[in-house]
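Have a look at the picture before reading on.

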Amino acid sequence: MDQVNQKKQVETLEGSWEDYIKAYYEKPASFKSWSGYDLKEIYTPRDRSAEEYEKDIADAGTYPFTRGIHANMFRGRLWTKREVVGIGSPADTHERLEYLAHQGGSGLNTIADVTYEMGLDADHPRAVDEVGLTGVNITSIRDMETLTRDIPLDKVSWSVITASTAASVSMAQYVAVAKDRGYDPAVLRGSIQNDPIHFRYCGFRPACPLDLSIKLGSDVMEFCTKKMPKWYYTTVNMYDLREQGITAPQEVAFGFGIAMCYIDELIRRGLDIDEFAPRFTFYVSCHIDIFEEVAKIRAARRMWARLMKEKYGARDPRSMQFRFAVHTAGCSLIPQQPLNNIVRISYEALAAVLGGVQSLHCCSYDEPMCLPTEKGHLQALRTQQILAYETGVTNVVDPLGGSYYVESLTDKMEEESLKIMKQVEDIGGMEDAIRTEWLDAQFESEAVKRQKELDSGEKLVVGVNVFTTEQEKSTPLGVQRVSSASAKQQVQEVRELKRTRNMNKLKIAIARLRDDAGERKNVIPAMIEATKAFGTTGELLGTVREVFGYPYDPMEILESPFQ
Amino acid sequence: MVRNKKIKVLLSKVGLDGHDRGVKVIASLLKEAGMEVIYLGMYQTEQNIVKAAIDEDVDVIGVSYLSGEHLVFTPKIVEEMKKNDLDDVLLIAGGTFPPEDIPAMEKMGIDKVFRAGSLTEPIADYIKNNIKKGKE
């Protein structure tokens with residue numbers, strides 16, 4: 001619509017002229033960081049703790065890696081520009097992947113929908129209405145074939161976002177397809193989210209009982225350590241934890257606590273820390289407070305290095321490097337005045353890059369309304385490209401290092417995170433903090449605090465509690481819809497597959513999976529064979545679940561067809 | 001007429017959507033605003049929700065949608081409410097959806113839609129001013 005500044009159309013000035021004049025003298029309302037820490041007016045050399053540069057900060061690429069894990073950072077290689085894609089059927093998702101790859105994306109990134117994460121086949125009675133609404137459902141190896149069709153799996157870097165216990169099936173499906181296409185798993189590059197423990201806090205508790213989360217999560221990690229040396233077998237998801245409303249230090253402390261659950265299990269299995277730790281990665285949030293987020297990342301790097309060296313006795317420097325992807329904070333985005341989200345995302349992405357990120361997903365501005373539209377996705381990718389190619393922020397390693405403020409805030413983030421980690425340790429460790437629902441209570445009380453901060457105006461968000469306007473009638477660049485026709489088609493195809501596959505072959509493969517699970521062997525090899533025999537996500541996971549004493553179907557509707 | 005009984009609100013997730021931060025926060029803050037709140041939890045069906053609304057004799061049903069499932073489940077919930085003559089129960093929804101869908105949701109039978117980014121007071125005020133039970 002054209003805009004013409006005729007008088008009756010200009011309604012930008014709300015309230016009286018007195019408000020307008022007062023605005024000239026306005027001062028910030030608060031001097032706290034996003035996480036609530038009081039900040040000084042100015043930081044000077046006197047605010048620096050008694051740190052020694054070589055011991056506590058050091059050049060990038062040098063222990064404790066506070067300034068970055070590589071000596072030359074982005075001069076050696078830019079971060080991976082990776083936008084999350086998951087929409088409707090595997091074919092629909094494939095189309096969007098190709099589109100973004102051709103627009104200059106540098107890594108593929110696909111996300112499971114709620115049905116897949118819950119471990120339900122597309123034809124499950126509770127899944128049929130929701131298939132593809134928030135991501136992609138892979139029920140059988142055929143869906144994975146469609147998703148990966150024509151993509152050179154030995155050359156691209158693929159991030160598979162399946163987080164729940166279904167990540168074990170995802171890994172099996174991906175490897176099975178790669179093998180079918182003639183690739184040795186050893187050449188595959190990418191990552192799988194595979195962090196079932198955290199996913200109980202994202203609405204997937206029936207699919208993520210704690211013991212099974214540790215078992216299957218660690219199976220994927222162990223399998224990849226032995227067979228897929230170029231693969232990152234987990235991205236422990238601190239981001240999703242932060243989205244619950246917690247603070248920056250809580251994000252680090254809880255994320256590390258969950259990471260240690262897997263590490264302890266892998267060590268119990270007899271793996272050496274330096275054998276597997278170099279492929280351990282994290283998914284980190286970047287929220288809107290730029291300096292606090294950079295400080296958080298720098299603190300996390302220092303803490304991880306010390307944890308790995310001092311607690312776990314790592315000797316290989318690669319084991320001590322905190323590798324992470326950033327997802328800009330979805331919960332910072334709002335549907336009110338939605339174009340402003342582009343600005344929020346840009347600041348958050350800037351923080352990620354100033355923090356020395358390895359791989360970045362910028363949210364699309366339209367995410368508080370719908371799945372990303374093609375235009376929204378493209379704009380998010382362009383946000384990354386403007387940062388990478390126009391702003392010059394890639395020129396110098398850790399550009400905020402040495403700032404009196406940022407170094408002091410880094411120390412503060414570390415101090416607060418360590419305090420929380422100690423609290424968890426005193427409870428008896430993260431597993432106990434989870435079992436006793438201590439962690440649930442933390443999330444719930446913090447989330448209420450965040451809403452009260454908005455209700456009281458203690459925190460300001462443009463469009464929410466300040467500079468509000470009337471509710472929009474439409475979404476600026478259109479709305480992304482999920483094709484119900486392609487969802488229905490996928491359900492039909494799954495039903496057809498189940499009718500026509502060779503049940504004898506499948507029963508043998510399922511029996512082996514059941515045996516391996518029963519003998520507490522690593523189940524990934526048996527899952528690969530079962531998926532090749534057209535065993536489905538629900539069937540593979542259900543078989544293992546039963547062995548561990550859980551209902552075959554997380555929704556407790558279906559019975560196992562393999563009795 | 002003046003009601004002397006607390007307003008009773010049933011909040012629920014529906015389908016498989018697991019984004020429950022918002023609905024739990026609203027449950028907690030509506031309680032602080034003086035209402036009695038029952039949070040039914042995740043993975044609910046329209047039958048579970050309506051049955052609980054009848055059993056608990058609530059004034060308000062609030063559903064939370066954050067996974068694009070609002071157009072699928074709204075007609076089912078409204079239909080189930082009609083079948084059980086719950087026409088004096090206020091139906092509200094909250095979560096993430098395109099503004100384009102709000103008129104459709106209201107036409108389907110939702111009395112009021114609150115988007116992400118809503119403050120607590122307007123939600124509490126809307127409920128207080130619009131409950132249907134006990135009003136002639």
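## The chain as a whole

Chain A contains 21 helices and nine strands. Its radius of gyration is 24 Å, close to the 24 Å that the globule rule gives for 563 residues, so chain A is as compact as a globular protein of that length. Keep in mind as you explore that this is a predicted model.

If you follow the C-alpha trace of chain A along its principal axes, you will find that it spans about 80 × 60 × 45 Å.

## Inside the fold

How many of the residues of chain A count as buried? The share is 53% of the 563 residues. Now consider the contacts in chain A with a separation of 6 or more: residues 24 or more positions apart account for 76% of them.

## Two helices that cross

Two packed helices are described by the angle between their axes and the distance between the axes. The crossing in which H12(A) passes H15(A) is right-handed.

Which residues make the contact? On the H12(A) side they include Phe291(A), Val294(A), Arg298(A) and Met303(A), while H15(A) contributes residues including Tyr405(A), Leu409(A), Met413(A) and Glu414(A). Sorted by class, the contact of H12(A) with H15(A) has nine nonpolar, two polar and five charged residues.

Definitions and conventions:
Residues numbered from 1 in each chain as written. Chains lettered and ligands numbered in written order. Predicted model: local features only at pLDDT ≥ 70, side-chain atom pairs only at ≥ 80, totals over all residues. Helix = DSSP H or I, 4+ residues; strand = E, 2+ residues; numbered from the N terminus. Rg over C-alpha atoms; globule rule 2.2 N^0.38 Å. Buried ≥ 20, exposed ≤ 12 C-beta atoms within 10 Å, placed from the backbone. Contact = placed C-beta atoms within 7 Å. Left-handed = near helix turned anticlockwise from the far one by under 90°. Nonpolar A, V, L, I, M, F, W, Y, C, P; charged D, E, K, R; others polar.
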